[in-house]
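Me: I have a structure open and would like to learn how to read its features. Could you walk me through it?

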Amino acid sequence: MVHNLLTTSLHVTAHPQMSSESQPAIDKTPGGLKIAVKNQLTFTFARDTTTATQRDWWLASSKAALSVVIKRMISTMARYAETNPKRVYYLSLEFLMGRLFSNTLHSAGIHEQMEQALRELGLDPDLVRDEEYDMGLGNGGLGRLAACFLDSLATLDLPAVGYGIHYQYGLFKQEFVNGYQIELPDAWMTYGTPWEIVRPEHTMEIELYGHVENIFDDRGNYVPSWTGTKKILGVPYDIPIPGYGTETVNYLRLWESKASADFDFAAFNRGGYDEAVSEKNKSETVSKVLYPNDSTELGKELRLIQQYFFVSCSLKDIIRRFLQMNTDWNTFPDKVAMQLNDTHPAIAVAELQRLLFDVHGLPWEQAWSIVTKTMAYTNHTLLPEALEKWSVGLFQKVIPRHLQIIFEINKKFLDEVDVKWPGDLAKKQHLSIIQEGQVQMVRMAHLAIVGSHSVNGVAALHTQLLKSDLFPEFDALYPGKFNNKTNGITPRRWLLSCNEGLSNLITSKIGHGWERDLDLLRGIEPFADDPQFQAEFMAIKRANKVHLASIIEEQCGVIVSPDALFDVQIKRLHEYKRQHLNLLHILALYRRILQNPDLDITPRVFIFAAKAAPGYDLAKCIIKAINAVGATINADPRVKDRIKVVFLPNYRVSLAQRIVPAADLSEQISTAGKEASGTGNMKLSLNGALTIGTLDGANVEIREEVGPENIFIFGLTVEDVAELWKKGYKPEEIYQANEELRAVVDWVGSNYFTPNEPAGVLSMLRDNLVHSDPFLVLADFEAYSECQKKVDDAYRDKAAWARMAILNTARMGKFSSDRTIAEYARDIWHVDPVRM
């Protein structure tokens with residue numbers, strides 16, 4: 001059925017009642033688009049062609065493209081209003097959208113025409129495109145996955161709305177000063193964006209704080225009433241999401257917080273100018289920044305308010321839409337499917353129960369039945385410390401009614417536990433939504449599991465470990481609730497848009513269609529041994545490397561050769577992702593070169609890009625260490641350009657789209673059992689990079705697809721890791737036993753790479769590895785180093801490497817987000833396509 005959904009949606013037929021006779025036809029020829037762009041420039045932005053800046057041209061071009069998309073969006077919404085289908089609502093605190101210009105052009109079917117129009121206007125399409133600022137409303141894989149899913153939902157004609165927050169500032173803009181990460185505001189909204197549509201008529205009012213008291217209602221029932229609350233407003237901004245090769249256009253709705261009363265005129269007249277706007281400033285803080293620092297109580301409070309704010313706005317909007325076309329509450333699960341992207345939106349379980357029970361007057365059991373038939377939860381982590389918990393005291397302060405509801409949900413849930421395990425108090429304590437202790441905590445993952453009819457992992461190994469290690473009792477209590485949906489990526493952004501040369505080569509051999517059915521890439525497999533195709537494939541790779549080399553020189557001041565092996569590790573900076581394992585291998589190579597000046601190794605450029613959380617000291621120390629080691633190596637004439645190390649600043653989607661097509665080797669070296677899935681591994685393999693990695697996350701399935709001979713696997717397995725911890729892991733013993741490892745660990749912890757700074761700048765890293773090493777870097781070093789020698793040997797055989805690279809691209813069909821979304825639609829949401 002998944003295959004049917006993927007393939008039948010390719011054949012789009014116009015619905016006879018959905019013609020757009022009343023809407024003027026849009027001329028999609030280069031000449032027509034040229035006129036449209038100039039009209040936008042003149043009548044929307046009040047510019048003429050002589051005074052317009054590159055940014056003006058980008059804005060005008062974006063608005064012209066958007067007019068094509070809006071026409072389709074209106075038809076899509078009309079079709080949904082006519083058919084009243086079941087819809088998917090994807091709730092996520094992050095949507096890492098990146099730039100939208102190129103993808104919108106591709107999805108609107110006007111990419112080549114618009115580029116020609118811009119050239120005829122005397123403009124360079126690449127320079128126009130580069131005017132766009134990344135819409136960085138996310139941190140990493142979680143947010144980028146959400147963005148890929150929106151693209152696939154529209155492409156598969158599935159009725160859907162994404163819900164999130166309209167942050168004024170994204171995560172942060174990263175700069176390096178003397179090798180240290182510096183965080184600056186990511187003010188993506190400074191000059192506005194052409195892609196959004198404000199919908200003030202759908203503004204929602206949200207209540208916070210206050211207290212709960214019992215009162216008699218108008219039917220004589222003694223009921224809880226949440227009173228004395230503070231109110232803020234949520235104003236929605238819609239970003240159209242066009243499907244590729246179809247007429248469907250869904251949207252992402254982002255909520256911006258506003259004060260319910262912007263201005264206190266009486267206070268202003270008294271001379272209290274700050275007081276007059278204080279409520280406005282406090283209210284608008286809620287959507288000010290992605291992931292405020294939660295190391296303080298005020299930071300924690302803001303994080304919880306953010307989560308509740310966007311969830312409450314979204315649920316009220318969903319209910320409003322439902323009641324426009326339906327009257328029977330029992331049909332709510334037949335019209336609504338909600339997916340909770342990790343625990344951030346988990347408060348939706350209690351909020352939907354409150355809205356149904358308190359506001360709409362449904363009996364508790366009926367309301368709870370609706371909640372559990374509607375909600376589904378995606379888990380994205382195997383790290384227990386990453387599962388969100390909030391103190392009961394914070395709940396009592398911010399959303400006291402929800403705390404009462406959660407206690408009631410928990411009471412009924414523990415009755416279920418007692419039926420399964422009679423009298424087992426330890427089991428109740430372990431499973432309870434409320435964690436007992438000196439400070440009672442609300443376990444948001446437990447709330448999401450109890451309130452959802454489906455809990456899915458995001459890779460086969462991850463789901464297996466969820467059931468066996470993280471939540472085995474829940475799996476026993478709810479057989480069949482846990483299921484796997486391996487992540488995917490949209491090929492429209494991660495091949496068609498970011499790698500035009502490779503896309504054109506593929507299309508020249510197998511035609512179009514692969515953009516919507518990635519399994520068709522298998523069609524290039526017969527060319528894997530063709531010398532001519534190998535030459536063309538690798539020439540495209542080299543051209544991409546030349547482009548990236550120019551970016552490296554511009555941003556890092558380092559000249560690198562496109563003929564070297566580009567060894568790439570680009571992902572969030574975290575210990576479990578083990579950028580420091582990569583660093584130790586670089587140091588080992590450097591030391592070998594210094595001790596053997598004639599050492600024959602394949603020239604390599606080690607390319608890093610990553611942001612560390614502002615309060616994560618060790619991660620920031622690793623960044624400093626990589627930059628310090630890189631500066632030393634790059635300046636050392638004894639190296640003779642055999643290795644170069646660069647750390648590109650301010651990692652973001654648009655930068656990833658430049659790095660991914662140029663990569664030769666993809667570093668996926670997390671500790672086995674720690675990475676839920678990974679999607680960077682998929683993007684890099686799709687673009688012809690070979691993976692070096694552990695058997696972790698989706699690496700396991702990538703090996704199954706591309707073949708073990710076309711991937712470099714090393715290191716401890718999940719079982720090995722468990723056994724090592726069981727026996728008692730002693731990193732100092734490994735450190736003492738391996739002379740090279742001991743030397744490089746001590747080297748990085750010394751003052752050698754930071755001679756002009758106080759002693760001990762990098763000692764934190766050395767001490768962590770020798771005395772703690774929680775992610776088994778030292779345990780995997782030798783295996784990693786040996787595997788890198790195999791990579792070195794393999795790269796010398798150009799034909800064999802080209803063959804492996806081609807087969808990686810050809811065999812990545814499984815990892816399309818279209819396949820993932822089709823599985824969600826079939827197994828979890830039970831939602832059907834609605835074709836225009």
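Predicted model: local features only at pLDDT ≥ 70, side-chain atom pairs only at ≥ 80, totals over all residues.

Me: How many cavities of 30 Å³ or more does the structure hold?

Reply: There are 5 of them, and the largest cavity has a volume of about 180 Å³. Its lining is made of 13 residues, with Met97, Leu100, Asn103, Asp151 and Arg493 nearest the centre. By class, 6 of the lining residues are nonpolar, 4 polar and 3 charged.

Me: Which elements each supply at least two residues of the largest cavity's lining?

Reply: Look at α4, α7 (141-155) and β11 (230-242).

Me: What should I know before looking at the core?

Reply: The general idea is that nonpolar side chains tend to be buried together in soluble globular proteins. Here, the largest nonpolar core has 265 residues. Those with the most contacts inside this core are Met114, Phe332, Phe395, Leu584, Trp801 and Trp829. Helix α11 (residues 297-325) gives the core its largest share, 11 residues.

Me: Could we take one of them? Which residues does Trp801 contact, leaving aside neighbours within four places in sequence?

Reply: Trp801 is in contact with Met538, Leu565, Asp664, Leu665, Leu690, Phe712, Val791, Ala794 and Tyr795.

Me: How do I read burial for a whole helix? Take α18 (residues 444-451): how many of its residues are buried?

Reply: Count the residues under 20% relative accessible area. In α18 that is 8 of the 8 residues, so the helix is largely enclosed by the rest of the structure. The buried residues include Met444, His446 and Gly451.

Me: Now a single residue. Is Ser654 buried or exposed?

Reply: Ser654 is buried, because its relative accessibility is 8%, under the 20% cut-off. This serine sits in helix α26. Its side chain makes a polar contact of 3.3 Å with that of Arg652. Leaving aside neighbours within four places in sequence, Ser654 is in contact with Arg99 and Asp134.

Me: How far is the C-alpha atom of Ser654 from that of Met97?

Reply: The two atoms are separated by 9.7 Å, although the residues are 557 apart along the chain. Met97 also lies among the residues nearest the centre of the largest cavity.

Me: Last topic: what about backbone angles?

Reply: As a rule, most residues other than glycine have a negative phi. In this model, Asn84 has a positive phi of about 50 degrees, and that of Tyr209 is near 65 degrees.

Me: Where do Asn84 and Tyr209 lie?

Reply: Asn84 is in the loop between α3 (54-83) and β1 (87-91), while Tyr209 is in the loop between β8 (204-208) and β9 (211-216). Asn84 is buried, at 17% relative accessible area, and Tyr209 is partly exposed, at 22%.

Note on methods. Residues numbered from 1 in each chain as written. Heavy atoms only, no water. Core = buried A, V, L, I, M, F, W, Y, C linked by side-chain atoms within 4.5 Å. Buried < 20%, exposed > 50% of the residue type's maximum accessible area, 1.4 Å probe, protein only. Helix = DSSP H or I, 4+ residues; strand = E, 2+ residues; numbered from the N terminus. Contact = heavy atoms within 4.5 Å. Polar contact = N/O pair within 3.5 Å; in protein donor to acceptor, adjacent residues only side chain to side chain. 1 Å grid on protein atoms, 1.4 Å probe; cavity = no way out; pocket = protein on both sides within 12 Å on 5 of 7 lines; lining within 4 Å. Points joined across faces, edges and corners; volume = space filled by probe spheres on them. Nonpolar A, V, L, I, M, F, W, Y, C, P; charged D, E, K, R; others polar.
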